[in-house]
Amino acid sequence: MTKNFDLKAVLFDLDGTLIDTAADFIRIIQQMCREQGVAVIDADAIRSQVSEGATAMVRLVLPELTKDSAELQKYRQSFLDIYSANICVDTTLFAGMDELLQDLEQRGIAWGIVTNKPRYLSEALLKALDLDKRCAVLVCPDDVKNTKPDPEPMYLAAKQLGLDSTQCIYVGDHPRDIDAGRAAKMPTILAAYGFLPIESRDDLDAWQADKIVHDVTELHQHIKTFY
């Protein structure tokens with residue numbers, strides 16, 4: 001990225017980048033452990049799997065279940081039902097994020113979300129946090145044939161904003177976020193404060209993001225360089 005970059009929109013991954021949903025997932029998964037009579041899983045291990053989806057979360061508790069088994073699907077649906085009913089108990093914006101969003105809004109720079117979280121959960125979460133009317137675009141797996149790391153959802157978000165993808169920055173906390181942004185020719189920012197997969201933490205440079213930030217203040221300061 002250069003300082004001549006024509007910034008028109010900032011797009012975020014949802015869980016672990018824009019919003020800290022970890023506490024709710026930790027509470028639900030640890031309760032599942034108690035109910036199943038297995039060792040309670042460490043909070044950091046749960047955080048690292050949030051971006052991998054409901055199946056991965058359930059398999060933390062019941063690793064013996066195969067991904068396509070009927071039993072796993074039963075527990076997965078139970079997990080989703082519990083989460084949906086308690087979607088924003090301890091979930092919050094990351095510290096400093098509301099100030100960043102307000103700054104973008106005041107400057108006429110759109111912000112939106114490209115996530116692999118299902119639309120019904122994403123919409124419920126945004127509504128619970130009073131972000132639904134502020135978010136300029138929301139692209140979920142329901143909206144595309146190919147999800148991240150494919151660039152299709154990135155292109156769709158830019159199209160819905162009436163922009164070229166090269167006018168959007170993408171911020172994410174998973175390698176597939178950076179891969180999708182790069183494939184769509186979006187400048188990318190790695191949110192190292194997020195739910196980083198354990199196996200990918202040791203070499204963040206290998207993700208090939210244009211910038212790595214370690215908290216939202218640093219993210220805000222970096223985005224300001226393009227105003």
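In the predicted model, a polar atom of the Thr115 side chain lies 2.9 Å from the backbone nitrogen of Lys117. Thr115 itself is placed in the loop that runs between β4 (110-114) and α6 (119-128), and with a relative accessible area of 4% this residue is buried. Beyond its neighbours within four places in sequence, Thr115 is in contact with Asp13, Leu14, Ser122, Leu138, Val139, Cys140, Pro141 and Lys148.

Across the whole structure, 15 salt bridges are found. One of them joins Arg201 and Asp44, whose closest N and O atoms are 3.1 Å apart; this pair links distant parts of the chain, since Arg201 belongs to the loop between β7 (188-191) and β8 (211-213) whereas Asp44 belongs to helix α2 (residues 43-49), 157 residues apart. Both partners count as partly exposed, Arg201 at 28% relative accessibility and Asp44 at 33%.

A salt bridge is also formed between the side chains of Glu52 and Arg176, with an N to O distance of 3.7 Å, and here too distant parts of the chain are linked, with Glu52 in the loop between α2 and α3 (54-61) and Arg176 in helix α8 (residues 175-183), 124 residues apart. Glu52 is partly exposed, with a relative accessible area of 32%, while Arg176, with a value of 15%, is buried.

In the salt bridge of Arg107 with Asp103, the closest N and O atoms are 2.8 Å apart; Arg107 is partly exposed at 47% relative accessibility, whereas Asp103 is buried at 10%.

Terms used. Residues numbered from 1 in each chain as written. Predicted model: local features only at pLDDT ≥ 70, side-chain atom pairs only at ≥ 80, totals over all residues. Heavy atoms only, no water. Helix = DSSP H or I, 4+ residues; strand = E, 2+ residues; numbered from the N terminus. Buried < 20%, exposed > 50% of the residue type's maximum accessible area, 1.4 Å probe, protein only. Polar contact = N/O pair within 3.5 Å; in protein donor to acceptor, adjacent residues only side chain to side chain. Contact = heavy atoms within 4.5 Å. Salt bridge = Lys/Arg side-chain N within 4 Å of Asp/Glu carboxyl O.
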